[in-house]
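This report looks at selected helices and residues of one protein model.

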Amino acid sequence: MKKITSIEAYDLLLKDIKDEQDLSKLKWLNHCIYTADGAERIAKKLNLDSDYAKALGFIHDIGRKIDQMNHTIAGYNYMKEQGYEEEARICLTHSFIDNDILITAGGGPEIKETYKFIKEYLSDKPANIYDNIVQMCDLFCSENGFTTIEKRLLDITKRKGVYPNSKLHLEKTYELKERLEKMMECNLYDLF
């Protein structure tokens, strides 16, 4: 099966955006671009397929074009419709550290059917290194560029609120950072 390239992913990300006015409404696109850049840098450091990691960074939030509130499932369905079955997974997995439905910002999916589908999907798909890379980049890349995990999580908390799983999410975020740093043999922020 052919993997999506970063050029194909970028084209999909911008597909159906007509003009600069559309772009100004879609600030999350910048977040996707920074996430892609971050994923590429980490993958290079780990001697992985950096173009594939970059592609996954571009598309991880692609569902926001369709449904801002339910972007994970919208992105998953969109990517499948585009013929990218394997890559569709990043649209779901990026929000759940280590593919655990409890380890997410904002409390988790609110629609019962969506929650059930995502929980079953994640339980059948153990996290791979690309999932972890994009999960990490999602948590230190904002629409304004690279930031710290603390600043990004504060921003997410201001927008989404505090939930019973917020402390667990914070702890697991730091665990993921430490794991990746150990694998890279450097501090994450040194790459940026």
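## Arg 152 in helix H9

Arg 152 is found in helix H9. The model is a predicted one. With a relative accessible area of 10%, Arg 152 counts as buried, because the cut-off for buried is under 20%.

Leaving aside neighbours within four places in sequence, Arg 152 is in contact with His 31, Asp 138, Leu 139, Phe 140, Cys 141, Ser 142, Thr 147 and Arg 159.

## Helix H10

Helix H10 comprises residues 166-184. Its 19 residues should span 27 Å at 1.5 Å a residue, and the end C-alpha atoms are 27 Å apart, in agreement with that expectation.

The buried residues in H10 are His 169, Thr 173, Leu 176, Lys 177, Leu 180, Glu 181 and Met 184. Seen down the axis of H10, these buried residues fall within an arc of 130 degrees, so they line one face of the helix. Their cover includes helix H3 (28-45), helix H8 (129-138) and helix H9 (149-160). On the other side of H10, Lys 167, Glu 178 and Lys 182 are exposed. Just after H10, Glu 185 takes a positive phi of about 60 degrees.

## Helix H7

Helix H7 has 13 residues. From its first C-alpha to its last, H7 reaches 19 Å, close to the 18 Å expected at 1.5 Å a residue. Within H7, the residues Thr 114, Ile 118, Tyr 121 and Leu 122 are buried. Viewed along the axis of H7, the buried residues fall within an arc of 95 degrees, and therefore they line one face of the helix.

Helix H5 (71-81) and helix H6 (85-93) are among the elements that cover the buried residues of H7. The face of H7 turned away from the buried side carries the exposed residues Lys 112, Glu 113, Lys 116, Ser 123 and Asp 124.

## Phe 117 in helix H7

Phe 117 has its place in helix H7, which runs over residues 112-124. Is Phe 117 buried or partly exposed? Its relative accessible area is 32%, so Phe 117 is partly exposed.

Once neighbours within four places in sequence are left aside, Phe 117 is in contact with Ile 73, Tyr 76 and Leu 92. Phe 117 and Ile 73 are 44 residues apart along the chain, and their C-alpha atoms are separated by 9.0 Å.

Key:
Residues numbered from 1 in each chain as written. Predicted model: local features only at pLDDT ≥ 70, side-chain atom pairs only at ≥ 80, totals over all residues. Heavy atoms only, no water. Helix = DSSP H or I, 4+ residues; strand = E, 2+ residues; numbered from the N terminus. Expected span 1.5 Å × (residues − 1). Buried < 20%, exposed > 50% of the residue type's maximum accessible area, 1.4 Å probe, protein only. Arc of directions from axis to C-beta. Contact = heavy atoms within 4.5 Å.
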